[in-house]
Amino acid sequence: MASKGAPDPMMKLENTEKRDTLIEIEKRYQEKWQASKIFEADAPTLEEMPGASQDELHSKHPKSFVNFAYPYMNGSLHVGHCFTISKPEFSAGFSRLQGKRVLFPLGYHCTGMPIKACADKLTNEVAMFGKDFEGYKEEEADSAADYVPAPTQAQTKEDITKFTASKGKANAKTIKAKYQFQIMLSQGIPKQELHKFADPQYWLKYFPPLTKQDLTKFGARIDWRRQFVTTDANPYYDAFVRWQMNRLHEQDKIKFGSRYTIYSPKDGQPCMDHDRDEGEAILPQEYTALKLKVIEWSLKASELIKDKIPDSANVYFVPATLRPETMYGQVCCFVGPNINYGIFKVTENEYYVFTKRAAWNLAFQGHFFDSDHFPKSNDALQPVVEFSGSVVVGTLVHAPLSVLTKGVRILPMESVLATKGTGVVTSVPSDSPDDYATVRDLVKKPEFYGIKKEWAEVEIQPIIKIDSDEPHGNIIAKYLVEEKYKIQSPKDTAALAKAKDDAYKDGFYKGSMLIGEFKGESVESAKPKVRESLIQRGEAFAYAEPAGRVVSRSGDECVVAYLGQWFLDYGEGNPEWRDTVVKYLHSSDFQSWSSETKNAFNGVLGWLNRWACARSFGLGSRLPWDKKFLVESLSDSTIYMSYYTIAHFLHKDMFGKEQGLLNIKPEQMTDDVWDYIMTRTDMSEELIKSSGISKEKLETLRRQLEYWYPFDMRTSGKDLIPNHLTFCLYIHAALFPPALWPKSIRSNGHLLLNGAKMSKSKGNFLTVNDACTKFGADATRIALADGGDGVDDANFDESVANSNILRLYTLKEWCEEVVKDGNLRTDASDNFFDRVFENEMNQIIHEAYKCYEATDYKLALKASLFDFTSARDFYREATTASGLGMHKELLLKYIEYQALLLAPIAPHWSDYIWCEVLGKPNSIQLALWPKVNEAITSITAAREYVRMVSSAILSAEGNQLKKKSKGKSVSFDPKLPKRLTIFAAASFPAWQDQYIELVRQEFEATGLQDDKDLVARVKKMGDPKKAIPFVQNLRRSLQVGEKPSSVFDRKLPFDELQVLKEMVVGLKKTTGCKEIEVVLVKEGGKVGELMIGSAASGSKIESLPQSAEGAVPGVPTFHFENIST
């Protein structure tokens, strides 16, 4: 529901008769598909191919196994989900046309925190407002805060040595709702049902059937026998998860140790990506926290803390830095004058100064509390004293490593953030442009800032030598601020950000130390050594916090905790494992479909490290060896695609309550059984005996896995590359032989709706069910295909979906009329326009095949629907104008081809045309892609010639009409009787030779990829007005497939005069000319020979109009003139 007073951005449909007709067809065919079980596919049985190898199976029975990241069951699917789903759906449809056995399965993800957190919220709300929320007052909604399920977290990358990936979800939804029950009401759930969702298990029963219902309505080619829910609610899947965790643990890929992790104090456990409402893909950022001991307090601070801290105690300001190697250059320490700080007691004799936010983070890292007594609320951590930053300005502190051994001052800095780091910032103006600009400003305006000038006016010590061509000397910050970027003020944030990036990169990669214990070493080498030295001397300690704002599903702002936990040892801890995945990523055996996706994987593999794989709260499977923990939601969903291959043999229902085709019990699915099925071990009598499963059944399960695996394409939104998709590659590499590793992973952008982010509060939101109800499934599917195929965010345009209704309905009616039309030609289909039409159909069929094969569905749609109907329209118009009429056999071919080409994207419409219009005996889901000849280039060139000439003639006539309507002088009156003379050249003019050679050279060198460079070279050679159009025509001829030899030898692939002869009748009708003549131009346009016209053919014409001189073979000119009747 849109918010009050907001305009509804969603399209309203009227006169829905055509849509309703199409939807009725869709329902009919969905029922037929379900009744015939047409999407159910299995591997060849052991009886069909006994003892066959995997290669033999795939060779004799080609297959395609496609899947997508199973959806989370905390709501109904929206069109954003379906945009991702459409990719494997279209692939499945195309693979069927290729004659492959196709597996497209679906499970339901229920693991983790989201469902449990929402259920807990509802439990509290039922207690607050009553079972049916009768105690809730509607007016409270006006003051409700926006509920934001998963907005994008903007981050600034601070540590240039690490690549970080951020979630690029453009369609994060904002819902005007304060309470969980309001969110669920917005999904259309009746209020009387809501209290049931306080039980987490009810979500597992409610949303999966809706998902199946919605995707059936969408026309998805899913084998529903294989559906399952995750978590221990399904004992078979639970056994599968336990097996994979046990095997990873045995391989030492799951370890226990202390590490930094994003943590929810309220939930009392790590908060991984899918447990978050906000901040997906954000990782801990590690700092070095320095201890700057107070030597002398400012007067204001001294008065404030008097008697509150023991005289014998040490108080430290604690700045957090990412560049410990620069600490030799500290000249002061900054605080935000308007930020609130506290002094927090660490021990009886040690106190820290920083923000309460920093203290709260530190409380989970071995300070203030131990890991067995972590607090739930920050009320448990109170400062001894609180004050604003301005109070401590002027305080003298000792800065570890600083050359200013007598101490440095605490000074004000307006740009310090309370939401980042500790709120205390140590200043190194030699290497930090921000610090340099601020210190310079403090020196210029000490009175304004309320400081003494000498506190800021200190000598800047060079500490890093940078080997660079830039003349910045050894104080890079000064050069960047004053010379390169000419920064005038600390408020020039954009320029300072660039300068900071330059300073950090050059310093780290090109710098060497000029001072200190590690003098002469590279910064890259010295950095960790300086950090370790500071920590060992007790002058610093490790500190971490989230790299951006992270909010758990329970609404808790997360911190970073350092605690013992089970983790998957991805990354640098297991370099051999990581290198195996990297090598496979770049091998010819794996396809990522786009360079952006491959680069994203590469980046993630560079930074991904230990990943907490267990939690103590939520839904899921128990960690087999440590049952107080549950397997984390992104760690139980890495190889479940293999489970699809055998799911229906194990259980009939999604909960595994009823045994499947082989009557195997859950307890029989031991780790050893899984090992055999997943091809890790061979058959043995011991396995048969210990499991109680017969040899035949075990071999049947393994046959299914060996046939369907590896999966051929997996699709997902690009936001899952930093976690799930990369984990998928890692775990397959760990548990399966290389022959069973994923063949391809395809990522896509997210989906806008009508050009804007989807938002329920703004009324710009569309579920799959609503889209299929509003536009019909096929019109929706076409709009999704039209949305795009790259990793950039796509757009679902309702106006496109709506126009598809009319397009499909009109095309359906036309097909029906053609089949019944007894007046169409039935003679030989061999006239010029018949040949052109058939040839163009063949060309488009081959083009569509390439696009489908490349998963370029927008281009496939263009070829299969828009270009194909355009070819029909051209044929219809040309044959009507020429008086020939269309040929029935060709039109029936067209209808058959049209149904086949569109079947992957619009299957309901295609099956209706196939079965009910063409009368085919079986569903189009069982049909094969049409086998047609390659397009004949000479006919293709002739068709383009006809289109080009017709367009130029009609445009010229139209221009004269416009001029006349405006009262301008015209060369002829289009409304009076007129003659059209077309001038076709007998030979090419000599001036073109040099340009022919230029195009030949460019074509051989670059394939004519750069049109701008080609035009630039043409301009330098002579008369561009004549030359550029000529060169562009050559380029166009090559692009439409003409043979280079024909183009460069200047031989037209068709008979120009014959084609013009075929065009004359049609041109007379479309132009309204009384006479049309075709003149063969000779001797550079001076004389000609009449080839077609009212006078005798072959008669000489001594005087031609000037326009005749511009004619060249393949590019005729023409001339209109009025005649007397």
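Visitor: At what angle do helix 1 and helix 26 pack, and how far apart are their axes?
Guide: Helix 1 (residues 17-36) and helix 26 (residues 798-820) pack at about 70 degrees with their axes 9 Å apart, where axes are lines fitted to C-alpha atoms, for helices over the stretch in contact, and angles run from 0 to 180 degrees between N-to-C directions. That makes the two helices roughly perpendicular (65 to 115 degrees; under 35 counts as roughly parallel, over 145 as roughly antiparallel and the rest as oblique). Helices (H or I, at least four residues) and strands (E, at least two) are DSSP runs, numbered from the N terminus.

Visitor: Which residues make that contact?
Guide: Helix 1 contributes Lys18, Arg19, Thr21, Leu22 and Ile25, and helix 26 contributes Ile805, Leu806, Leu808, Tyr809 and Lys812, contact meaning heavy atoms within 4.5 Å. These residues divide into 6 nonpolar, 1 polar and 3 charged, with Ala, Val, Leu, Ile, Met, Phe, Trp, Tyr, Cys and Pro counted as nonpolar, Asp, Glu, Lys and Arg as charged, and the others, Gly among them, as polar.

Visitor: What should I keep in mind about the model itself?
Guide: It is a predicted model, in which local features need pLDDT of at least 70 and side-chain atom pairs count only at pLDDT 80 or more, while totals for chains, interfaces and linings use all residues. Residues are numbered from 1 along each chain as its sequence is written, and side-chain values use heavy atoms, with hydrogens and water left out.

Visitor: New topic: how many aromatic pairs are there?
Guide: The count comes to 75 aromatic pairs, a pair being rings of Phe, Tyr and Trp (its six-membered ring) with centres within 6.5 Å, stacked if the planes are under 30 degrees apart, edge-to-face if over 60 and tilted otherwise. One of them is the stacked pair of phenylalanine 837 and tyrosine 875, at 4.3 Å centre to centre and 10 degrees between the planes. Phenylalanine 837 lies in helix 27 (residues 832-853) and tyrosine 875 in helix 28 (residues 857-882), so the pair ties together parts that are 38 residues apart in sequence.

Visitor: Is tyrosine 875 buried or exposed?
Guide: Tyrosine 875 is buried, with a relative accessible area of 1%, and phenylalanine 837 counts as buried at 2% (buried means under 20% relative accessible area, exposed over 50%, partly exposed in between, with a 1.4 Å probe and protein chains only).

Visitor: Which charged end sits over the ring of phenylalanine 874?
Guide: That of arginine 947, 4.5 Å from the ring centre, the rule being that NZ of Lys or CZ of Arg is within 6 Å of the ring centre and within 35 degrees of the ring normal. Lysine 253 lies over the face of tryptophan 577, at 5.1 Å from the ring centre.

Visitor: And at what angle do helix 28 and helix 36 pack?
Guide: Helix 28 and helix 36 (residues 1056-1071) pack at about 90 degrees with their axes 7 Å apart, and they are therefore roughly perpendicular. Thr880, Ala881 and Ser882 of helix 28 meet Val1065, Gly1066, Lys1069 and Thr1070 of helix 36, a set that divides into 2 nonpolar, 4 polar and 1 charged.

Visitor: Where is proline 1116?
Guide: Proline 1116 is in the loop between strand 34 (1100-1101) and strand 35 (1117-1122), and at 11% relative accessibility this proline counts as buried. Not counting residues up to four places away in sequence, proline 1116 touches Tyr945, Met948, Val949, Ile982, Phe983, Ala984, Glu1056 and Ala1111.
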